[in-house]
Amino acid sequence: MTGGITRRRLFAAAAVGGGALTAGGWAVAGGALTSGQPGLLLRSRAPLPRPYEVPLPVPSRLAPVSTSGAADVYELTQRPARLRILPGLETDAWTYDGTFPGPTIVSRSGRRTVVRHRNELPRPTVVHLHGGHTPYGSDGYPTALLLPRNSTAGTAGAAGMAGMPGMSGAGDAQDTAAGQRTYTYPMEQRAATLWYHDHRMGFTGPNVWHGLAGFHLVHDDEEEALPLPAGERDIPMLIADRSFAADGSFQYPALDAGQRTAGVTDRYMDGVLGDVVLVNGAPWPVLETQRLRYRLRLLNGSNARRYRLALDPAPPGGGALLQIGGDGGLLERPLAHDTLDIAPAERFDVVVDFARYRPGTRVRLVNRLGSGGTATVMRFDVSGARPPADDSRVPDRLSTIPAPRADRAAATRTFRFQRRAGSGWTINGRPYEPGRPLATVRLGTTEVWRFVTDFHHPVHLHLNHFQVTARNGRSPGPYDAGWKDTVDLRPAESVEIVTRFTDYPGRFLLHCHNLEHEDMGMMADFVTE
């Protein structure tokens, strides 16, 4: 390598235990050399469409089958479907209710949501409500398998469990269900943009890549009292890169498409990058907007790709992306960004005021970390028609967020996210083993956790949201504000978070949300009691 790896960089890389070095913003690990990205590009073999030829789809809202008592009850069927994504071709997908993304579930803070999932896919699945403050039995523990209909725990539970470090087979599974499983979410949490996705041990990457993801929105009185854009101008946007085979099917470099052996081929161990950017399942779509404010709920639903989002052209005066919320809901105050870095699983709620553009302007949402087709995401076409009066605004103060007291922490723990020769991706030097916790936490206590990395790792914590208190011993970064459940770490970086563990005893997870890293061992249990 050239370009002068500094002594400081070398020291930082050595301090986290090796496995990757950085030079000039480039990450080196596992033989892949990428700029600002983990992983390796998997090029499509199918003819790709021209950008901006299809309208942006908005996922449908799922209607409850029952609203009696204190709960809203929903039903979802996980099933194969043939989707029209590329022109003239059909894509075989694994879906929730036949669409990608799946239908959006909308909950009310403080009102219990019950979701019954039926599995009509050919493989076991697990459902995780990402960002949900959820009891252990409904959190989507990776061995809590929902088996295909007409399966039994004795025959289907072990498929794909053996052959991985620390994954000994069906004996590690808990609460295996055949055909149908009910997930109960108390929703004792504030308004936020959540999402649900597959979380099966060893196969989260291919299952999400093939379509198992959807939005779950939570509303509350505090948020609804604010004059933010609403209705048709409140748009969830799942951004995900994918690659396509010649016949239009999703292309993924799995070791075994039959899901008997987990993982991807060696070249893609750092992560799988697609060359087509989908927004709500459509390639490089376009949305016609009025000259009004819009709320965009941005979710990075990619397996490994990071995005640096910006509007091109930028509006006069800059600050085009006005952040009002993150993973865990509203910020205290809005933050104006010219660019927005978003790692896998992170969510950013932003308001864009299209009245700042001249009528007829075509505004691209671009990705400054991309190249070729991945350098652009979608386009907004600003209408030339005279808009109605805008009844929305963004107040200077959005919410009050009490900070957990780091100075009263009951414990400080360090978790090292590293690649180990012969072990794959590890936390504290060990690949994932269900039932072997790296931490035991007392409910009602506050802890400081320090994450240290050798490579790009978006770190996700189940059960409770957290606040970032430091990066590399200094102030948090520009995208760390508010309550978070996923934090993006660059190579040879450390982040400190503080959180208070509440309500629910049991086994929960800490893991990398680069799904290839997760599938190959970069998870850990922690126990609350």
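Predicted model: local features only at pLDDT ≥ 70, side-chain atom pairs only at ≥ 80, totals over all residues.
Biologist: What share of the residues count as buried?
Modeller: A residue counts as buried when its relative accessible area is under 20%. The protein has 529 residues, and the share of them that count as buried is 61%.

Biologist: Among contacts between residues at least 6 apart in sequence, what share join residues at least 24 apart?
Modeller: A contact here means heavy atoms within 4.5 Å. Taking the contacts between residues at least 6 apart in sequence, the share that joins residues at least 24 apart is 78%.

Biologist: What does the protein average in pLDDT?
Modeller: A pLDDT of at least 70 is reached by 89% of the residues. Over residues 1–34, though, the pLDDT is below 50, and over residues 153–171 it stays under 50. For the protein, the average pLDDT is 90.

Biologist: Let's pick one residue. Where is Glu 346 found?
Modeller: Look at strand 24 (340–342) and strand 25 (347–353). Glu 346 is found in the loop between strand 24 and strand 25.

Biologist: Is Glu 346 buried or exposed?
Modeller: Buried means under 20% relative accessible area. Glu 346 has 3% relative accessibility, so Glu 346 counts as buried.

Biologist: Which residues does Glu 346 touch, not counting those up to four places away in sequence?
Modeller: Among them are Leu 298, Leu 299, Asn 300, Asp 327 and Asp 341.

Note on methods. Residues numbered from 1 in each chain as written. Heavy atoms only, no water. Buried < 20%, exposed > 50% of the residue type's maximum accessible area, 1.4 Å probe, protein only. pLDDT = per-residue confidence, 0-100. Helix = DSSP H or I, 4+ residues; strand = E, 2+ residues; numbered from the N terminus.
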